[in-house]
Every structure is written in structure tokens, then in C-alpha cells.
Amino acid sequence: MIMRWRNRGGSAQTPENTELVSGRALIWLIASFALLLVPQWDRLPVWLIASCAVLAGWRWLAQSGRLRLPGKWLRSGIMLALVAVYIATVQGRFTVETASSFFVLAVGLKWLETRSVRDFYVLFFILVYLATVNFLFHQEIHWSVINLVGVALLLVGLQVVNAPDIPGAMKSGWRRLGMMLVKTLPIVVLLFVFFPRMAPLWSVPLVSGEARTGISDTMTPGDISSLAQSSERAFRVTFGGELPAYRDRYWRGLILDRLDGETWQQGFGRQLRRPGRVSVDGGVGELEPNQYDVLMEPTDQIWAFALENSEAVSDNVKPNEQGLFRFDRPADSPVRYRMAVTGEDRSDQTGSEPDDAQRYLQLPRSGNPRARAFAEELAAQYDNPEAIVQHLLDRFRQQEYFYTLRPPAMPDDGIDALLFDEKRGFCAHYAGAATFVLRAAGIPARVVVGYQGGDSGADDQYLIIRQYDAHAWVEAWLPGQGWVRMDPTAAIAPQRIESGLREAMAEEGSFLENEWTSPQRYGDMAVLQWASLKLDLMNYHWQRWVVGYQGQSQMDLMSRLPGGIGLRELGYITAGIIGVALLLAGLVTAWQYRRVEIRDPFGRVVARWHRLCDRAGVPVRHGETPSQLASRLSRARPATAGTANAFARMVNKHYYGGKSGTERRGDLVRMKRLLATMKRQADRKPKVDRLSSGSPRAITEGE
């Protein structure tokens with residue numbers, strides 16, 4: 001075959017016999033691309049979003065004839081320029097965000113060479129992959145719906161590109177898509193429930209460069225006050241029994257035991273981060289009255305949050321020597337784990353001093369002289385550490401100390417300025433200052449960072465702990481008692497501990513003052529709060545029972561079914577579901593095909609012709625036209641040549657001629673007559689005529 005090339009508007013050469021993509025199919029493709037970019041808008045650079053919009057718009061303008069697509073050299077120049085900008089932006093960092101950005105850039109550049117139907121198919125599969133990439137960043141139900149709608153637009157575009165000229169192609173495309181969903185959804189649900197979900201033996205952490213909102217392993221005065229201006233969700237908790245009182249909801253996360261200048265950090269006992277197996281479904285079975293499930297958002301940290309005097313029930317968290325809990329690897333995805341409140345002090349050290357007491361007495365060699373002198377006065381005045389702690393709390397309670405989200409800038413000796421001059425600060429300020437004074441007085445003390453509080457979710461089914469619940473307090477060592485919680489905030493602003501940050505900041509008006517779009521900011525709008533909680537409830541159950549449906553959760557569900565279903569039985573069930581689905585699909589297809597034959601008398605006549613061809617040794621080929629089939633039948637059975645070609649012309653006229661009903665009925669009668677004649681001609685046996693030369697020649701009875 002000779003392939004001729006033509007020039008399309010001065011752009012790159014396109015084969016003359018290449019089918020170009022239609023405008024209606026292209027618009028569906030562009031719409032899907034725009035929708036699938038929405039889940040990544042918050043992490044893609046602005047220049048990349050703008051570039052994708054320009055490139056896709058350029059392709060649409062070229063389709064409408066207003067612009068020309070770039071040629072080879074211009075296309076290469078655009079690609080090199082955008083890749084150079086990408087490299088300059090990335091600056092050598094390789095994370096899942098940078099990899100995703102490069103993939104989006106490649107998709108954007110693909111628009112400049114999308115001309116034919118084949119290019120449409122390539123871009124179709126690329127965009128389906130983009131939809132799966134989005135799940136690396138967002139797994140909530142509303143983002144899942146956006147991804148599914150984007151894929152639906154792709155499927156409609158695929159149907160349009162295969163039948164661009166059929167009237168009502170869009171409407172019929174959506175209808176077929178809906179019917180396909182109705183047919184396949186039960187099978188998908190059954191496979192989701194029963195397909196064996198074996199936990200991976202090994203996993204690679206998701207290396208992310210995204211800045212997570214949450215608690216870090218250092219604390220400088222002002223850090224937590226900035227965190228308190230965020231309404232992002234930290235974790236949710238479901239209790240098997242009664243919810244603890246608000247004032248008792250102290251969620252311990254990590255201990256900061258070393259002071260370096262003005263910054264508290266984990267200077268001692270820092271744990272090594274090591275890769276390990278992913279285990280994100282620690283909560284299984286019914287909750288006991290003393291148990292609670294935690295569904296924690298990604299933090300990229302190894303610490304888990306738990307109430308005091310808790311012990312691990314699930315095996316994906318491990319306790320350490322400080323009574324805290326840790327994961328085997330950083331939590332780069334939502335994690336579910338289960339804890340139990342024992343009601344007993346888990347500290348096994350109640351002697352005169354803790355192990356490695358110097359660790360909790362460390363202070364910088366200089367700085368904050370007035371705080372040091374004050375601590376020495378307390379140590380000289382009281383010989384009982386408990387009395388020193390109580391005196392310090394009474395000072396916070398009785399003097400005019402203020403709890404604020406707008407703390408003033410502190411000088412170099414910030415603790416002195418807070419205790420004796422400004423007397424205005426946030427929990428981190430007061431916790432750090434109290435720990436400093438206790439250590440200077442010879443009492444081992446440490447800063448504990450975590451969350452305090454939590455608001456009820458929809459229908460009081462669980463608690464929602466948000467970033468503005470972040471809190472810092474003090475644990476002091478008292479002989480005979482061990483580590484005892486001391487919270488200066490409870491003495492200065494008891495409403496913060498009793499009812500939350502919103503109530504504590506009501507007079508100051510600083511609660512979420514920078515988050516204009518947060519529903520939590522508008523606590524007096526009942527409708528908005530109701531809608532926000534309902535959406536969170538849907539996402540909570542979606543996360544627990546769909547996204548978090550892993551190996552342990554599946555086996556727990558299977559254990560409740562009769563027969564003791566294990567992994568082997570799950571494999572048999574899955575194979576059975578697939579086999580039954582294929583059998584039903586075959587039966588339904590055969591039934592629909594038969595129904596079409598019954599409804600279409602012309603189709604029945606054509607089907608009889610196909611069976612005639614099969615008996616004559618001319619099986620029907622996929623995609624073969626009636627004329628091509630008649631030509632092959634004529635070569636195999638020459639007696640049918642004229643009748644077969646006439647029959648093929650009648651078939652073409654019937655389906656593509658647009659005749660009236662009366663003419664169609666006449667055509668049906670003629671087609672039946674032609675088919676009967678063709679059958680007699682095909683059944684004739686050829687006669688052999690020997691010529692004078694002795695070679696045989698096949699002749700028919702009519703010759």
C-alpha cells in the first residue's frame with residue numbers, strides 16, 4: 001500500500017489515510033483532563049497549571065481552525081523550555097509530588113501531538129492512569145467521586161470517537177455507561193469484599209516533600225499557636241464505652257526533653273526511622289467498653305497519639321520506655337490502630353528519682369537569670385517537690401497571666417519576659433517556662449506535646465481532634481508518684497481545658513481568624529456545622545470500611561460468617577464469583593443477540609445468509625462488509641455470484657439507504673427470494689467436462 005502524506009495547516013505531516021479525532025470526542029477528553037487536575041491543584045505549581053491550560057486550549061483552537069498546531073521544531077522548543085522550568089523548580093528534589101508534576105507536564109505536552117484517533121486512545125489510557133495517581137494524595141469520598149466522574153467523561157468520549165456521526169451519540173453513550181455500571185457494580189462489590197487481601201511483606205515508604213500540618217519533634221514558643229490557627233483534621237476516635245470528659249482528653253504524642261536556647265526538642269532517645277511493613281488496619285472486631293479506635297491522618301512521623309494509661313491492642317503500634325506509642329515506620333497514609341485504657345498508672349518508676357535523672361534536669365548554661373533565681377527561691381522555701389509544683393500553679397492561677405493566640409515577640413531571655421513582664425502567651429510558652437523553673441529548682445520535668453480535647457462528630461459517633469486542639473503541658477517527677485501531669489494552661493485559662501479553644505478565645509476573637517473558608521470558624525451557623533459533620537461522617541465510614549478494608553479487617557469480617565472462612569476459602573469464592581459472572585455475561589449476551597434477531601426481520605434474514613456462508617466453507621470474518629463477504633462466496637461458489645452481490649447490495653440499501661416503511665417491506669420480500677435462490681445455487685454440485693486435451697473443467701448445470 002502506498003501511503004500519501006498531506007500537510008495540515010503547516011503543522012507536522014499527517015498520513016492522508018489517518019482518521020482524525022472529532023471535535024466532540026476532543027472536548028470530552030479536555031473536560032476530563034481539567035477535572036482530573038482538580039485533586040492536585042493544591043500541590044501543582046501555578047506555572048504548570050497555566051501551561052496545561054494553554055496547551056489544551058491551543059489544541060482546541062487548532063481543532064476549530066483558529067490556530068495551527070506547532071511543527072516538529074517548535075514543539076521540541078516548547079518541550080525543552082517547559083522541562084527546563086520544571087528542573088529549575090524541582091531543584092534536585094525527588095518526591096512523589098515532583099514525580100506527579102512531571103507526569104502532568106508530559107500529559108500537557110501530549111496535547112500538541114494529538115491529531116488522530118490513535119493519539120486519542122493513547123491519551124485516554126494516560127488520563128486513566130492520572131486518575132489513579134490522584135489517589136496517592138486524596139482518598140476521601142468526594143475526591144473519589146471527582147476521579148470517577150473524570151473517568152466517566154473519558155468513557156463517553158471513547159464512545160463518541162468510535163461513532164462520531166451517529167445522531168444522539170452522547171445521550172446513548174451516557175445511557176450505555178449507566179447500564180454498564182448497573183451490570184458490573186454487584187460483581188465489583190462482591191470481589192471487593194471477598195477477594196483475598198494479603199498484607200504486603202515489604203513496602204517502600206511514600207517519599208513526600210509535602211509539608212504536613214501537624215506536630216513536629218521540636219517546639220519553639222509560637223509554633224503551636226500557629227498550629228492552633230488550622231482546622232485540619234488530626235485524627236478521629238471511636239470509643240467502645242463512655243466518652244471521657246473533655247478535661248481528661250489528653251492525647252500524648254511525644255516528649256521533648258532537651259532545651260537548646262529557646263527550642264525544646266528530642267535531644268535524647270531519638271528513635272531511628274527504619275523501613276517496615278505497612279499495617280494500616282489495626283482496629284478489628286467489636287470494641288470493648290475500655291477500648292477506642294484511632295483513625296489518624298498522615299503525619300510522616302512515627303508517633304501515635306493515645307490517652308494516659310493506655311496500652312496497645314492492635315499490633316501496628318508499639319510502646320516505648322516513656323509510655324508513648326510508635327509505628328515501625330512514618331505514617332505516610334491514614335493509619336488505624338486500637339488502644340485500651342487500663343485505668344492504672346503505667347509508670348513503673350515511683351522512687352525518689354527517675355532513671356537518667358540528668359536527662360530531665362538539663363538546662364542551657366546561661367540565660368533567663370530571673371527565672372533561675374526564682375527557682376532557687378522556691379527550692380530554698382520548700383523541701384517538698386509537690387509543694388513547689390503547687391506554688392507554681394498557684395502563681396499562674398492567681399496572678400494576671402493571659403492565654404492568647406497573639407503572643408508578643410519575646411526577647412532573648414524569653415522565659416524571663418513571659419514570667420515577669422509580658423505575662424501573655426500560649427500553651428507552648430507556659431509549658432516551656434514551667435519546665436525550665438522546675439528543672440532549675442532540681443525537679444525532673446519534661447514537656448509533653450500532643451492534643452487536648454476533641455469535638456463530637458455527627459450523631460456523637462466519634463470524636464474529631466483537629467490541629468487547633470494541639471497542646472503542650474508538663475510532666476514533673478514526684479517521689480512516690482512518678483510522672484505527674486502539670487498543665488499551666490489549666491490554671492491560666494481553665495475554659496481551654498474544659499470546653500476547647502473556641503470558648504477560650506471567644507473574647508479575644510482570634511479563633512481561626514485566618515481561615516475564612518473553614519466551617520469550624522462559624523460555630524454559630526447550625527446548618528453549616530450540620531453539613532460539615534455529615535460530610536465528615538461519610539468520609540469517616542468511607543475511610544474505615546472502604547479505603548481501610550485490608551487484611552485484618554477482611555479476616556475479621558469473614559470470621560463472622562458461618563463456616564470459618566480463611567484465605568483458601570476466599571480464593572475459591574473469588575474464583576466462583578468470576579466464573580458465575582462470566583457465565584451470566586455470556587448468557588445475557590446470547591439472549592440479547594437472540595432478542596435483536598427476533599425483533600429485526602432483516603437481521604434474521606442476514607443471519608440465515610451468514611449460516612449459508614458457513615456451510616459453504618466461507619465463514620464470516622469480524623468487521624467484514626456484506627460486499628466483501630459476497631465476493632468471497634462468489635469465488636468459492638461461482639454459481640451464486642450474481643445473487644450474492646445483489647443480496648449484499650440490498651443489505652447495504654436497507655441499513656444505509658433511509659427508505660420508507662413500504663419500501664423496506666418490499667426489500668425484505670426480495671431479500672428472502674434472493675436468499676432462497678442463493679441456497680439452491682450453493683447446493684448445486686459442479687459437473688466435470690473433459691476437453692479434448694484431456695484436462696477436466698468444472699461446469700455447472702446451467703452451462
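## The α5/α6 contact

On the α5 side, V117, F120, Y121, F124, L127, V128, A131 and N134 touch N147, V151, L154, L155, G157, L158, V161 and N162 of α6. Sort the residues of this contact by type and you get twelve nonpolar, four polar and no charged. Keep in mind that this is a predicted model.

What about the geometry? Helix α5 covers residues 117-134 and helix α6 covers residues 141-162; they pack at an angle of about 170 degrees, and their axes sit 10 Å apart. Angles over 145 degrees count as roughly antiparallel, and α5 and α6 are therefore roughly antiparallel to each other.

## Helix α1

Which residues of α1 are buried? They are A25, L26, W28, L29, I30, S32, F33, L36 and L37. As a reminder when reading that list, an α-helix has 3.6 residues a turn, so residues three or four places apart point the same way.

## The three-stranded sheet

Next up is an open sheet of three strands, ordered β3-β7-β6 and paired in antiparallel fashion. Its edges are β3 (218-219) and β6 (258-260), each of which pairs on one side only.

Two bridges hold the antiparallel pairing of β3 with β7 (residues 263-265). Look for M219 here: its opposite number in β7 is W264. Helix α12 (residues 427-440) packs on this sheet and touches β3, β6 and β7, with its direction at about 80 degrees to that of β7.

## The six-stranded sheet

There is also an open sheet of six strands, again with antiparallel pairing, and its order is β11-β14-β8-β4-β19-β18. Here the edge strands are β11 (310-312) and β18 (455-456), each pairing on one side only.

How many bridges join β11 and β14? Three, in the antiparallel sense, with β14 made up of residues 335-341. Within β14, A340 is the bridge partner of E311.

This sheet has a helix across it as well. Helix α16 (residues 526-547) lies across β4 (233-239), β8 (291-296), β14, β18 and β19 (463-466). The helix runs at about 75 degrees to β4.

Notes:
Residues are numbered from 1 along each chain as its sequence is written. This is a predicted model: local features need pLDDT of at least 70, side-chain atom pairs count only at pLDDT 80 or more; totals for chains, interfaces and linings use all residues. Side-chain values use heavy atoms; hydrogens and water are left out. Axes are lines fitted to C-alpha atoms, for helices over the stretch in contact, and angles run from 0 to 180 degrees between N-to-C directions. Helices (H or I, at least four residues) and strands (E, at least two) are DSSP runs, numbered from the N terminus. Angles under 35 degrees count as roughly parallel, over 145 as roughly antiparallel, 65 to 115 as roughly perpendicular and the rest as oblique. Contact means heavy atoms within 4.5 Å. Ala, Val, Leu, Ile, Met, Phe, Trp, Tyr, Cys and Pro count as nonpolar, Asp, Glu, Lys and Arg as charged, and the others, Gly among them, as polar. Buried means under 20% relative accessible area, exposed over 50%, partly exposed in between (1.4 Å probe, protein chains only). Two strands pair if DSSP finds at least two bridges between them.
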